[in-house]
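Q: Please show me how to read aromatic pairs and a ligand site in a model like this one.
A: A pair of aromatic rings is described by the distance of the centres and the angle of the planes.

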Amino acid sequence: YDAKHRNDTVVVYKPESDHNTPERLSLLGDLRRALDPDLATMAAGEITMYYQPQIEIQTGEVVGVEALLRWRHPTRGMVDPEELIKVAEQSAVMRLLTRRVVDDVVEQLAKWQAAGVTLRAAVNVSIRDLHTLEIVDQIRERLARFGVSPDQLQLEITEGALMADPRRVLATISELAKLGVAIALDDFGTGYSSMQHLRRLPLTEVKVDRSFVLGMATDADDHAIVRTVIDLAGALGLRVVAEGVEDERTWRLLRSVGCHVAQGWFYARPMPADELVEWLGRYRPLTPNN
Ligand code: C2E
Ligand code: MG
Ligand code: MG
Ligand code: MG
């Protein structure tokens with residue numbers, strides 16, 4: 001297959017289609033092994049982060065990247081990240097995984113910085129990660145150790161994640177915001193009590209779920225939903241990121257309705273850190289005039 005696009009087009013193994021629990025348990029065991037620092041050399045390269053550019057629509061400027069987890073299982077091949085997270089979230093392995101992701105991403109930001117590329121990276125976090133303040137200390141220490149500024153880090157949280165224990169989650173998010181880390185509400189429109197979250201959380205951005213963005217060029221309802229989210233966010237002083245922008249038509253529509261940032265295959269697929277630097281070198285903005 002095309003190695004360049006392996007990350008998005010080839011999903012070799014979906015644990016969810018395994019209805020038998022032993023399969024899931026064995027996957028969880030493999031994940032624990034892959035994350036074990038004592039076995040790090042054995043599992044070297046199995047778990048990596050891919051990065052997808054986020055582009056300011058009006059100026060064409062690359063404003064940041066979203067870090068997305070990739071796990072190449074030694075025998076099963078690429079594991080679908082969404083399914084992987086679902087399995088990991090059932091256990092304490094999720095915390096180890098997020099710890100690893102945050103560590104990798106902050107170190108990567110420092111490496112890019114040393115190479116003259118200052119970027120902001122968004123990291124996805126899960127329900128379990130926000131139940132304690134542990135993640136706040138980890139992020140604070142990691143940023144300090146690598147000399148990365150807190151405003152170079154953003155966390156993306158999903159609305160579902162907030163339902164489990166709203167008060168504790170809110171406390172953790174507030175501490176992160178105080179630290180200077182930006183917070184985005186991910187997959188907006190697919191969860192519950194969206195309005196409450198918009199009001200109560202110290203958010204800087206809202207990400208419109210890609211299911212609405214994918215349909216907006218052909219479906220009037222999706223178009224109306226995206227426009228409404230942009231208006232609402234604007235009224236609350238939040239920026240809007242559209243994810244899943246696959247074609248130029250959608251990009252132009254988003255620009256005409258005043259969306260701030262776009263992310264999607266139209267610009268670039270998620271890619272390894274070194275490819276991102278090459279991509280940045282080749283990138284030419286598509287501005288309103290071209
Ligand atoms: P998400 O955070 O909503 O990430 C956006 C997903 O949309 C990514 O899928 C990305 O590859 C995909 N995408 C980007 N542009 C396009 C496009 O133009 N068209 C289409 N069809 N898809 C596009 P991915 O990488 O498979 O990740 C799926 C989900 O898994 C993420 O959704 C996130 O919820 C979760 N995830 C991924 N990495 C991590 C991680 O490090 N930690 C946690 N907790 N969750 C993660
Ligand atoms: Mg996300
Ligand atoms: Mg999303
Ligand atoms: Mg998602």
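A: The structure holds 4 aromatic pairs, counted where rings of Phe, Tyr and Trp (its six-membered ring) have centres within 6.5 Å, with planes under 30 degrees apart called stacked, over 60 edge-to-face and the rest tilted. In Tyr-51 and Trp-112 the centres are 4.8 Å apart and the planes stand at 75 degrees, which is edge-to-face. Because Tyr-51 belongs to strand 1 and Trp-112 to helix 4, the pair ties together parts 61 residues apart in sequence; helices (H or I, at least four residues) and strands (E, at least two) are DSSP runs numbered from the N terminus.
This is a predicted model, in which local features need pLDDT of at least 70 and side-chain atom pairs pLDDT 80 or more, while totals for chains, interfaces and linings use all residues. Residues are numbered from 1 along each chain as written, chains are lettered from A and ligands numbered from 1 in written order, and side-chain values use heavy atoms, without hydrogens and water.

Q: Which residues come nearest to ligand 1?
A: A residue is near if one of its heavy atoms lies within 4 Å; of the 26 around ligand 1, Arg-70, Asn-124, Arg-210, Glu-246 and Trp-265 come nearest.

Q: Which strand gives the largest share of the shell around ligand 1?
A: Strand 2 does, with 4 residues, and strand 1 and helix 4 are among the elements that each supply at least two.

Q: Which side-chain atom of Arg-210 lies 2.6 Å from an oxygen atom of ligand 1?
A: With polar contacts taken as N or O pairs within 3.5 Å, a polar side-chain atom of Arg-210 lies at 2.6 Å from that oxygen, and an N or O atom in the Glu-246 side chain is 2.6 Å from a nitrogen atom of ligand 1.

Key:
A polar contact is a pair of N or O atoms within 3.5 Å; within protein, one must be able to donate a hydrogen and the other to accept it, and residues adjacent in sequence count only if both atoms are side-chain atoms.
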